[in-house]
Amino acid sequence: MTRKVTIRDLAEAAGVSVTTVSQILNGKGERFSLDTRRRVHQLQEELGYVPDFNARNLIMKSAQTIGVLVPNLGNPFFSMFIRGVQEASREQHFIPLIFGANHDEKLESYYVEELIKRAVDGLIIASASITAEAIDNILKKNGIPYLLIDQNGGPSLDRIRIDDERGGQLAAEHLLSLGHRKIAVVMPEHPTDNLVIRLAGFKERLAESGVMLPDSAVVISPMTKLGGYQATAGVMTQKPTAVFAINDETALGLMRGLHEQGLNVPTDISVMGYDDIDLDEYVVPKLSSIRQPVVTMGQQATTLLINRIQDQRQAAQLVDLPVELRQRESTGPVK
Ligand code: RIB
């Protein structure tokens, strides 16, 4: 049976102490000669020595891991967010442990507790179902740095701000510029704060042009592709010339439903989404949307969290990220 190569084997082969090897491999070996450093790295490769992270953690008191909770791993918006998290984590030699708990509060609390038991250095929470109370009881009590984002707009010291109000206004301005005045919206039954703000921005801009959005024009349906599809009948009852779906997945499901009902998008009805997920470019017609810089959101959230992990006493960090209109083919002038 083969035996795992240890740091002691490497130290003996290099003719130096275990502490010397440990410091060199942890990037803290400046005080040793270039020759010694090279020898240690070369022998590490030759012997195939892989550092034991558990032992390292005991010394450094950090496993260089962050926990990331998102509401739904199946939504490309969140997979793009995770891409950003991974990129920034890798640059800073951290490893993200990623969970999607499908809006199940119990499962999310379970993941948070398990992550804390495993001594993660910090947490990014984009899931709404972790309540302020759970945050106080679990994270604050354990002194774990965390950052709340997107659907969890709760109070966290460090913040990434996306202007949802502006996003809603941009969607309204675009539809108004195409002459639409009879508009419907598709929203989930229990919208998170960012969605409420998005809708408020949308309504506000319509109202400025004298277009009122009655409650009956807001079709309630889950914020998923299926939810969008199921909203078709409710939307058609309103006879709108345009629909604002609160996210792209909803818009894609709705476009499918409208197509099955024999309606042409955008000739008969315009459809506007929100998020700018990569799929928008691959559907027919291509989906007009409001872009959220979601990969950057993931990168920035990670960078801010790691800064906080490394210096818990620094001042609050705030990053503002812009939203933009992406006009494609699913919106057009009123017939
Ligand atoms: O697609 C997910 C949606 O929920 C996004 O619009 C995002 O902002 C989130 O709240």
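Which element gives the most to the lining of the largest cavity? The model is predicted.

**Stop 1: α1 and α2**

Select residues 7-14, which form helix α1, and residues 18-25, which form helix α2. The two pack with their axes 8 Å apart, at an angle of about 105°. Angles of 65 to 115 degrees count as roughly perpendicular, so α1 is roughly perpendicular to α2.

Now show the side chains where they meet. From α1, pick Ile 7, Arg 8, Leu 10 and Ala 11; from α2, pick Val 18, Val 21, Ser 22 and Leu 25. Coloured by class, the residues of this contact are six nonpolar, one polar and one charged.

**Stop 2: the cavity**

The structure holds one cavity of 30 Å³ or more. The volume of the largest cavity is about 80 Å³.

To find the largest cavity, select its lining: Asn 75, Phe 77, Phe 78, Asp 150, Gln 151, Asn 194, Leu 195, Arg 198, Met 223, Asn 247, Asp 275 and Gln 292. Two or more of the lining residues come from each of α5 (76-91) and α9 (193-208). The opening question is answered by α9, which gives the most, with three residues. Colour the lining by class and it shows four nonpolar, five polar and three charged residues.

**Stop 3: the domains around it**

Finally, colour domain 2 (65-162 + 294-323) and domain 3 (164-291) separately.

Note on methods: Residues are numbered from 1 along each chain as its sequence is written. This is a predicted model: local features need pLDDT of at least 70, side-chain atom pairs count only at pLDDT 80 or more; totals for chains, interfaces and linings use all residues. Side-chain values use heavy atoms; hydrogens and water are left out. Axes are lines fitted to C-alpha atoms, for helices over the stretch in contact, and angles run from 0 to 180 degrees between N-to-C directions. Helices (H or I, at least four residues) and strands (E, at least two) are DSSP runs, numbered from the N terminus. Angles under 35 degrees count as roughly parallel, over 145 as roughly antiparallel, 65 to 115 as roughly perpendicular and the rest as oblique. Contact means heavy atoms within 4.5 Å. Ala, Val, Leu, Ile, Met, Phe, Trp, Tyr, Cys and Pro count as nonpolar, Asp, Glu, Lys and Arg as charged, and the others, Gly among them, as polar. On a 1 Å grid over the protein atoms alone, a cavity is a set of points where a 1.4 Å probe fits but cannot get out, and a pocket is an open set with protein on both sides within 12 Å along at least five of seven lines; lining residues have an atom within 4 Å of a point. Grid points are joined across faces, edges and corners, and a volume is the space filled by probe spheres set on the points. Domain bounds come from an automatic or database domain assignment.
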